[in-house]
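Reader: I have not looked at this structure before. Please take me through it step by step.

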Amino acid sequence: ATVLPFQSYGALGMARTEFEDDSASAQFFWLLFDSDLTPAGKNLLDGIYTCFGYTTDGADLLADVKEGDIIESAKVVVGLENLKRPQ
């Protein structure tokens with residue numbers, strides 16, 4: 001399986017409750033700092049939360065996103081063939 005590390009600004013992860021690994025459902029978060037000093041696999045997010053993508057365009061706009069903001073649309077630009085729909 002491919003592992004995407006939380007190592008760069010704009011990494012997209014699934015939020016979940018602290019002690020329930022399978023509790024992620026609809027909330028996600030962006031990593032809003034670069035982890036240059038913390039190599040992949042050695043930070044506090046890798047292995048605890050799922051990183052499922054990276055922001056490739058418009059990452060500079062993430063600084064303006066605040067809690068409670070509504071995202072009206074999102075688009076997968078690469079890797080759509082890897083999307084697994086629930087059955």
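Reader: In which strand of the protein chain is confidence lowest, and in which is it highest?
Author: This is a predicted model, and the mean pLDDT of strand β3 (residues 51–54) is 84, the lowest. The protein chain as a whole averages 79, with 89% of the residues at 70 or above. Confidence is highest, at 88, in strand β1 (residues 11–14).

Reader: Which strands pair with β1, and in what sense?
Author: Three bridges join β1 to β3, and A11 stands opposite Y54 there. Three bridges also join β1 to strand β2 (residues 28–30), where M14 stands opposite F28.

Reader: Are the residues of β1 buried or exposed?
Author: A11 and G13 point one way from β1, while L12 and M14 point the other way. Buried means under 20% relative accessible area. On both sides of β1, these residues are buried.

Reader: What percentage of the residues in the protein chain is buried?
Author: The protein chain has 87 residues. It exposes about 7500 Å², of which carbon and sulfur atoms supply 54%. The buried share of the residues is 20%.

Definitions and conventions: Residues are numbered from 1 along each chain as its sequence is written. This is a predicted model: local features need pLDDT of at least 70, side-chain atom pairs count only at pLDDT 80 or more; totals for chains, interfaces and linings use all residues. Side-chain values use heavy atoms; hydrogens and water are left out. pLDDT is the predictor's confidence in each residue, from 0 to 100. Helices (H or I, at least four residues) and strands (E, at least two) are DSSP runs, numbered from the N terminus. Buried means under 20% relative accessible area, exposed over 50%, partly exposed in between (1.4 Å probe, protein chains only). Two strands pair if DSSP finds at least two bridges between them. Accessible areas come from the Shrake-Rupley method with a 1.4 Å probe; for residues, only the protein chains shown count as cover.
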